[in-house]
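Please find below a note on the two-chain model that you asked me to look over. The points are meant to be read with the structure at hand.

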Amino acid sequence: MTQQPPAAVPQSPASTDGDVPQQPAFSQPRPAAAKPPLPDETRPPATSRLHRIALGEPIQAEIHDAVLREDAVLEFDHFSLWYGSKQALFDVSFPVARGKVTALIGPSGCGKSTLLRSINRMNDLIDSVRYEGDIRLNGESILGRQVDVIELRKRMGMVFQKPNPFPMSIFENVVYPLRIDGIRNRRLLKEVCEQSLRGAALWDEVKDRLHESGLGLSGGQQQRLCIARAIAGAPEVLLLDEPCSALDPIATAKIEDLINELRGEYSIVIVTHNMQQASRVSDYTALMYLGRLLEYGPTSDIFTRPHLPETNDYITGRFG
Amino acid sequence: MRSLEIARGCDVNAETSPNSRRLRRVTQPSVYVVDRLARGLIACGGLLTVVSVFGVLIYLCVEVMPLFRPERIERVASWSAATDAATTDSTDAPAPLDARRAGITKVTARGVAEPEATGVESGMSPSDSAPLVGLDDYARMYWVFQPRRRQVLLCRVGGELLARHAVGVEKTVTASTVNPWTGDFAIGYADGTVQTGKLSFKTEFLDDSAVTAAERALQPGESRPYRKGLLERTAEHQLRHHTLVVQQKKPIVVARDRRILLVDQAHSTRGTVLVAVSDDGMLRYARVTERKNLLTGETVTRLKQGQCPAQFDAEDSPAFLRVAGLGDNVFLVFRDGRLLRFDTRNPSSPVLVERRSVLDTPHARVRCVTFLIGKTSLVVGDSEGNIGVWFRIKPDDASTPDGVVLVRGHLLHGNGNAVTALAPSLRSRIMAAGYADGTVRLFHVTSEQQLAEGRFTAVRTAEPAAGGPDAGAAVRAVVLAPKDDHVLALARDRGMLWRVHAPHPEITWRSVFGKVWYEGYPEPEHVWQSSSGSDAFEPKYGLVPLIFGTIKATFYSMLFGAPLALLAAVYTSEFLHPRWKKRVKPTIEMMASLPSVVLGFLAALFFAPIVERIVPETLTALATVPFAVLWGAYLWQLLPIARHGHWHWLRIPLVAISVGVGLQLAAWLGPVVERTLFAGDVMLWLDGQIGTGTAGWMFLSLPLSALMAVLIGSRWVAPAVRRRLRNRPTRTYAVCVMGQFLLGSAAVIAVAWLLGAVLNQIAWDPRGTFVGTYVQRNAFVVGIVMGFAVIPIIYTVSDDALSAVPESLRAASLGAGATPWQTALRVVVPTAMSGLFSALMIGLGRAVGETMIVLMAAGNTPIIDWNIFSGFRTLSANIAVEMPEAVKGSTHFRMLFLAALTLFLMTFVLNTIAETIRLRFRKKAFEL
């Protein structure tokens with residue numbers, strides 16, 4: 001796989017489709033982005049990182065030192081990814097702290113989910129996907145040819161945007177990762193089931209109906225069931241892909257409480273749209289924009305003292 | 001309408017949009033019209049569908065209903081017989097031997113001098129003197145055969161004498177017989193001669209100018225006696241003259257100088273057969289061949305004779321003599337129920353081959369004996385009122401010299417009164433019986449059902465008869481009209497005619513769905529045989545063989561098609577690259593557009609002959625092709641490129657190559673297999689002539705032992721191997737796994753062989769169960785070809801069902817670390833179960849109703865046999881084959897509708913069950 005040159009540089013922001021920063025609704029005058037497209041020769045020098053990213057220029061991500069001091073469970077090393085000829089991730093490099101909650105935020109289409117799905121190589125299922133660079137789990141590359149994808153996924157637990165319990169009993173849903181490993185020991189399965197459901201703060205609600213269908217639960221319960229399923233396999237990393245976007249505020253609060261409880265036991269990477277949620281549950285936050293990492297640091301710093309003005313704009317709702 | 005008005009009201013406040021378009025906040029009337037129209041059309045279409053389906057059901061029911069309508073008779077005429085027409089020829093039946101010896105003259109004198117004397121009064125039982133009677137086609141007149149008085153009386157229904165014809169010659173008549181089907185009669189004389197002749201009705205149409213005014217004045221439907229017959233004005237205003245013609249030949253010497261006690265005749269292919277019992281206790285058999293010399297015009301009569309002792313003495317003379325259809329068997333029945341059967345296939349030396357009793361109770365007496373149509377079933381009526389129907393069967397363990405045994409196939413119970421008259425139908429298996437108490441019953445012999453009962457109304461004679469209470473009512477003769485539409489009964493002094501309404505006498509629920517003992521069959525069986533070359537044929541309308549055939553066709557085709565289609569659907573939806581799937585799916589769907597008639601004749605004319613030629617190779621291929629494909633998969637794992645995503649497209653061509661290798665392997669191994677396992681000739685082996693059952697059991701148990709091997713392998717062996725080779729290179733692992741597979745295959749064969757040997761040791765041969773004699777058109781061929789017909793539909797529906805499983809479930813499963821195969825089996829297939837089940841049911845429905853393939857390739861033999869190498873006949877194919885030859889409105893025609901109704905109900909029940917199960921499956925996954 002050779003280095004693919006970055007996608008053709010769009011000549012004007014207006015000519016790129018949906019990936020350009022959306023014009024903010026409140027239409028505050030902003031440099032470059034707010035102005036109508038100008039002819040090439042009259043365009044002013046790009047001052048904003050956002051603008052430079054939109055033009056396809058490489059930029060240096062702002063990574064806080066506090067992050068680098070942490071023990072990394074995952075490391076992204078110049079990771080780029082293409083869907084066919086369209087590049088979705090550009091040269092992403094950052095470590096993910098062990099035992100902490102790392103939130104990935106950013107506007108729609110910025111590549112957060114793609115990045116998350118690269119960690120357990122769910123992107124492999126997409127036919128035309130291609131990547132470069134490396135991701136290391138505990139120092140071992142997970143992209144190598146000799147890596148067994150199935151085993152890799154067993155080391156990760158993943159929770160999706162939409163609750164997706166299997167059409168089986170609650171019990172079977174939870175012990176699914178053990179079932180596929182061929183474990184038939186009833187006692188062990190029961191033990192893991194209870195442990196995982198307790199871990200997912202669902203035990204008390206479902207302990208009397210473990211053998212009813214998992215589809216009979218409410219949305220929030222279903223999502224916690226999925227989390228229970230994800231932690232039943234004792235993963236090294238828990239990947240949460242917008243776990244609350246389909247839930248109501250009360251269910252969201254429960255999930256957030258759960259994430260807080262799981263902190264320390266698991267290394268969690270959570271993708272979220274909701275900046276308040278990121279600030280509430282995460283230890284570290286990475287802001288992404290158009291497939292690039294913009295800024296990455298401790299959550300408190302990102303939300304209170306961001307290094308970049310663009311981060312400030314995003315968290316205060318000026319764009320995105 | 002209210003909403004419309006409100007909308008109109010809003011119209012007043014029509015607004016203007018920012019781009020100055022007038023906003024009409026009202027729904028246009030045309031939208032309402034279209035909406036109503038669409039709703040109406042859709043409702044109409046739906047209703048029409050429901051109505052038409054029910055219409056079909058109702059139509060089928062209406063066509064079938066008459067089959068099960070009860071038969072009945074209604075009285076159309078009754079009269080008291082004042083003339084001697086109703087009286088009988090008192091000495092018609094043989095008198096006891098001693099009486100006969102007493103003097104010829106006495107008998108003759110009594111016959112002439114005492115014309116009114118009846119059998120009852122002369123001390124004989126009524127059946128002794130049962131008059132021989134025949135009825136004409138229109139049930140207008142009947143003849144009474146009275147050879148002792150050398151006359152045949154022709155009487156009009158109502159008793160009026162129309163004509164008196166002379167029969168016989170000037171000798172003492174001692175025996176006589178009339179064949180009710182042909183009108184042939186034979187008269188035996190005291191001098192040992194037998195005279196034959198024929199009674200027949202003659203119809204001619206007269207011109208109005210040829211008759212007198214009285215006849216011309218006849219109105220349609222009216223009739224009057226005219227020139228020894230009856231003249232009737234038909235509905236078409238023609239004058240129909242109907243009369244009796246008596247022909248007779250010269251007497252032939254059968255038993256020189258002996259008195260003939262009993263006589264009967266038959267027509268064999270080589271001439272008329274005359275059988276007689278003479279007073280010296282001999283059975284005489286004579287075959288009369290008449291040959292006309294073409295040059296001289298002179299008729300030469302040749303006689304071939306034989307005789308054997310009939311084994312009776314003077315005190316104990318036989319009462320009835322009957323010759324079976326072609327003259328090959330002669331039955332001699334005594335009053336006490338003894339029956340002697342003679343084999344007369346060699347005319348020069350008849351042999352007594354069987355003796356038995358035809359009565360159950362010791363004190364019962366045989367009262368009448370006759371044949372059913374075809375002269376094969378012997379009907380015996382006794383004094384207890386029971387009618388037994390006897391026919392010959394050929395059991396394997398027969399003790400008789402000719403290997404044939406007489407059995408009682410049917411028993412028709414009366415009400416305890418003696419049977420006094422029996423009359424077979426001239427066209428069907430209906431039997432009319434008259435009883436001593438004056439009742440007349442109609443039976444259908446095959447279905448053993450009593451069709452109807454009639455009774456003489458109490459016409460009391462002036463002085464009661466001596467024979468007992470109302471002995472005059474005892475039925476002395478009963479006869480069925482040639483078209484089975486009338487039955488005539490005569491008592492001593494009265495007569496009665498009933499009209500018979502029995503269009504479908506042979507059909508009862510039991511005869512259609514139960515076992516019926518048909519004539520000549522060793523035991524009651526389910527048989528479908530609706531037509532034959534002869535009129536005497538007994539129609540066999542058992543639907544069970546056809547239902548069985550339908551189930552068999554469905555079973556074998558689903559056995560072949562369903563797993564293939566389901567696995568193909570799972571493969572394409574879960575594993576195949578979308579680019580390939582895009583091409584594969586339409587290709588398979590295109591298979592569905594192949595007309596089944598094309599598949600049918602391919603199967604019958606191309607596939608079946610080829611398979612017949614290469615049976616061992618075909619059988620071997622069933623094992624080698626899966627083996628080769630699996631082996632190919634293991635070989636593929638060995639290739640270094642196997643783990644590269646972009647070489648995956650190579651897999652399909654490689655599978656095709658594997659299949660080819662498997663077929664080649666089968667071609668090589670086939671002859672070897674035939675030599676070693678099937679004793680050198682698989683056809684003879686299947687026929688059960690050579691070899692032992694081991695090989696068959698081995699083949700049958702191959703799938704079972706393979707399944708066992710897979711279970712053991714995946715449960716214990718494979719995890720152990722995986723544990724041991726955890727840190728070895730991939731290639732080593734692949735080699736080991738392949739070794740495991742090859743060892744496993746060997747073990748499968750060994751276990752199958754062992755199983756076969758054990759089953760063979762306990763003397764259990766597979767031949768005769770699911771395998772057996774090979775027929776070219778068989779269930780195997782149909783299974784494969786019909787499998788191809790059902791594969792596309794099962795495949796398409798199940799692929800759609802699998803594709804409809806939300807991607808999020810697959811992602812969840814894969815994200816949890818499941819392999820695609822585990823994902824498919826544990827998540828996708830259970831979720832899509834309702835769809836897969838529907839697919840199977842749709843396939844099943846297609847297989848059940850499929851006509852052309854089974855019609856052409858199944859051989860259409862309605863037999864009940866699970867043997868995969870034998871043919872069958874399905875309900876649908878049966879309808880297609882026989883509908884063109886069924887007469888509209890006939891029993892056969894309606895039975896085909898019953899077959900259709902059965903098919904309809906089968907699919908209906910099947911679909912209902914399927915839908916219920918499907919809904920249960922769907923409930924599990926409906927919240928997705």
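1. The structure is a predicted model. Every value in this note is therefore to be read as computed from predicted coordinates.

2. Chain A overall. Chain A contains 13 helices and eleven strands. Of its 320 residues, 52% are buried. Taking the contacts in chain A between residues at least 6 apart in sequence, 70% are formed by residues at least 24 apart.

3. Chain B overall. Chain B has 928 residues, 49% of which count as buried. Its secondary structure comprises 21 helices and 35 strands. Among the contacts of chain B between residues at least 6 apart in sequence, 61% join residues at least 24 apart.

4. Helices H9 and H10 of chain A. How do these two helices pack, and at what angle? Helix H9 (residues 219-232) and helix H10 (residues 249-262) of chain A have axes 9 Å apart and an angle of about 20 degrees between them. Because angles under 35 degrees count as roughly parallel, H9(A) and H10(A) are roughly parallel to each other. Their crossing is right-handed. On the H9(A) side the contact is made by A:Gly220, A:Gln223, A:Arg224, A:Ile227 and A:Ile231, and on the H10(A) side by A:Ala251, A:Lys254, A:Ile255, A:Leu258 and A:Leu262. Sorted by class, this contact holds six nonpolar, two polar and two charged residues.

5. Helices H7 and H18 of chain B. Helix H7 (residues 544-574) and helix H18 (residues 833-849) of chain B pack with their axes 9 Å apart, at an angle of about 140 degrees. H7(B) is therefore oblique to H18(B); the cut-off for roughly antiparallel is over 145 degrees. The crossing of H7(B) and H18(B) is right-handed. From H7(B), the residues in contact are B:Thr550, B:Thr554, B:Ser557, B:Met558, B:Ala562 and B:Leu566; they meet B:Leu836, B:Leu840, B:Gly843, B:Leu844, B:Ala847 and B:Val848 of H18(B). By class, the contact of H7(B) with H18(B) has eight nonpolar and four polar residues, and no charged residues.

6. Aromatic pairs. How many aromatic pairs does the structure hold over all chains? The count is 31. One of them is formed by B:Phe145 and B:Phe185, whose ring centres are 5.0 Å apart and whose planes stand at 45 degrees, so the pair is tilted. B:Phe145 belongs to strand S5 (residues 141-146) of chain B and B:Phe185 to strand S9 (residues 184-189) of chain B, so the pair ties together parts 40 residues apart in sequence. B:Phe145 is buried, at a relative accessible area of 0%, and B:Phe185 is likewise buried at 0%. In chain A, ring pairs link A:Phe76, A:Phe79, A:Phe94, A:Tyr131, A:Tyr284 and A:Tyr296 into a cluster.

7. A:Phe90. Is this residue buried or exposed? A:Phe90 lies in strand S3 (residues 86-97) of chain A, and because its relative accessibility is 16%, A:Phe90 counts as buried. Beyond its neighbours within four places in sequence, A:Phe90 contacts A:Phe79, A:Ser80, A:Leu290, A:Gly291 and A:Arg292.

8. B:Val152. This residue is part of strand S6 of chain B and is buried, with a relative accessible area of 0%. B:Leu199 is 47 residues from B:Val152 along the chain, and their C-alpha atoms are separated by 9.1 Å.

9. Positive phi values. B:Arg150 is not a glycine, yet its phi is positive, at about 50 degrees. B:Arg150 sits in the loop between S5 and strand S6 (151-156) of chain B. B:Asn860, also a residue other than glycine, has a positive phi near 55 degrees. B:Asn860 is located in the loop between helix H19 (852-857) and helix H20 (875-882) of chain B, and at 15% relative accessibility B:Asn860 counts as buried.

Key. Residues are numbered from 1 along each chain as its sequence is written. Chains are lettered from A and ligands numbered from 1 in the order in which they are written. This is a predicted model: local features need pLDDT of at least 70, side-chain atom pairs count only at pLDDT 80 or more; totals for chains, interfaces and linings use all residues. Side-chain values use heavy atoms; hydrogens and water are left out. Axes are lines fitted to C-alpha atoms, for helices over the stretch in contact, and angles run from 0 to 180 degrees between N-to-C directions. Helices (H or I, at least four residues) and strands (E, at least two) are DSSP runs, numbered from the N terminus. Angles under 35 degrees count as roughly parallel, over 145 as roughly antiparallel, 65 to 115 as roughly perpendicular and the rest as oblique. A crossing is left-handed if the near helix is turned anticlockwise from the far one by less than a right angle, and right-handed if clockwise. Contact means heavy atoms within 4.5 Å. Ala, Val, Leu, Ile, Met, Phe, Trp, Tyr, Cys and Pro count as nonpolar, Asp, Glu, Lys and Arg as charged, and the others, Gly among them, as polar. Rings of Phe, Tyr and Trp (its six-membered ring) pair if their centres lie within 6.5 Å; planes under 30 degrees apart count as stacked, over 60 as edge-to-face and the rest as tilted. Buried means under 20% relative accessible area, exposed over 50%, partly exposed in between (1.4 Å probe, protein chains only).
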